[in-house]
Amino acid sequence: IGRNFRNSSSLTCRYRFCTSTSWQGPLGEDLFTPCGISTSSDDFKAADVVFTPGTYITESRVSCQLPDLTNEKVFHPANKTAIKNTFTNICLRDDTGRMFLSQKCDGVETKTGNCDFEPAAPGDELRRRLYSLFIGCTKEDIKRGICDNIPSINSKINPCLTVMLFVDVSNSGKIFSSVKVVADYALSKSQNQASRAYTPTSAVYYYISEMPRGMEMNKIDVRKNLDSHFHSDSWVCHREIVRQEGRRRDQEGWFESPYMSRVHLAFNWSHIPDYLTFDEHYKLAIYVRPSRCNKLECTSTGRRISEVENIPCLQPLGLPSWFIDSNTMRNNILNLTLLSLDDARFRVEVHIINGLALPYAEYFKETMTIFIDYPQRAKYLDNQSGKRIMSPLLNHEEK
């Protein structure tokens with residue numbers, strides 16, 4: 001789930017395997033620190049990266065093909081010979097070869113009698129063995145905000161029985177959705193210039209590498225058991241999340257205008273009543289990005305304050321003098337032409353500024369026609385691929 005995914009053949013999914021640390025204890029046994037404590041990119045190594053093609057669903061959803069997980073290593077040795085006695089969670093194997101999570105007990109758990117000394121674990125703290133696929137979160141997990149709440153509140157998946165994969169998506173295979181991109185509103189810097197930051201989006205996939213104790217049954221029963229735990233996980237996955245995928249009006253209605261292109265706007269207002277007066281009942285506003293302008297402010301007493309530069313400019317473009325002239329008949333077909341000197345985006349709005357004209361707002365819907373033409377003999381491609389790099393103020397793609 002993300003934003004602005006494109007239906008292209010270059011749609012790429014990237015899987016990064018979360019790495020763990022393994023070393024040998026004083027008795028020669030293998031010890032592992034479980035992966036899954038954090039989803040930060042620092043927990044992943046560049047060598048543990050797998051790319052698969054993505055399938056476009058919508059602008060906010062992409063389906064990623066799973067890589068072959070059967071040949072992947074669950075734990076990645078770090079060749080450590082000594083370790084501090086500060087690990088709360090350690091993965092160990094018992095005498096039968098079963099993997100379990102050795103978790104350090106807190107003060108309350110030690111009174112239950114379920115904790116004991118683990119000879120293979122470093123230190124002399126009391127620990128308990130956890131073989132279940134789903135385990136409860138500790139107070140430390142909840143306090144640090146690293147409890148996954150899967151499949152229920154204050155529970156998580158046993159990290160010793162699963163492999164965690166960090167999944168993100170790229171439209172072109174260069175910049176992925178988990179990277180926080182900060183774009184400037186203008187090339188020339190200004191003291192009051194602000195930048196827009198795109199929130200990174202990604203997903204975490206858990207692959208069950210070892211079946212936990214008590215689930216030694218046929219595959220059909222195991223699947224039914226897991227489905228009951230996740231409460232129909234497929235339905236939850238395909239359910240729309242409004243706060244992430246909902247409609248955003250501030251992103252609608254924008255048109256791209258490549259550099260050296262002309263945009264022809266035609267407004268068919270022939271059906272607008274004569275008694276609606278322009279600049280009294282309604283206005284026309286054209287907003288452009290990137291843009292910059294100076295803003296004049298005054299105090300409550302009417303005293304002028306120094307000019308402040310707004311980047312981007314929050315005011316619309318100035319309209320031609322003939323368009324705003326009171327003698328111009330606007331219940332007609334009106335034409336405007338915009339020339340782009342660089343890559344830009346624009347949005348056209350009609351503002352109802354008088355409450356008496358509010359019932360006529362529907363009259364202005366679907367009354368604009370846009371036609372964009374380009375210089376036919378201009379050479380603006382830098383390579384033979386038929387694409388060029390767009391302005392960094394708009395996006396980081398090639399078109």
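Modeller: What follows sets computed values against the definitions.

Modeller: This is a predicted model, in which local features need pLDDT of at least 70 and side-chain atom pairs count only at pLDDT 80 or more, while totals for chains, interfaces and linings use all residues. Residues are numbered from 1 along each chain as its sequence is written, and side-chain values use heavy atoms, with hydrogens and water left out.

Biologist: What makes cysteine 91 and cysteine 160 a disulfide?

Modeller: A disulfide is a pair of cysteine sulfur atoms within 2.5 Å, and the S to S distance of cysteine 91 and cysteine 160 is 1.9 Å, so the pair counts as one. A search of the whole structure finds five disulfides.

Biologist: Why is the disulfide of cysteine 137 and cysteine 147 called right-handed?

Modeller: The torsion about its S-S bond is about 75 degrees, and therefore the disulfide of cysteine 137 and cysteine 147 is right-handed. By contrast, the link of cysteine 105 and cysteine 115 is left-handed, with -100 degrees about the S-S bond.

Biologist: Why is cysteine 105 called buried?

Modeller: Buried means under 20% relative accessible area, exposed over 50%, and partly exposed in between, with a 1.4 Å probe and protein chains only. Cysteine 105 has 12% relative accessibility, so this residue counts as buried, and cysteine 115, at 14%, is buried as well.

Biologist: How do you know whether cysteine 298 is buried or exposed?

Modeller: The relative accessible area of cysteine 298 is 53%, which is over 50%, and therefore cysteine 298 is exposed.
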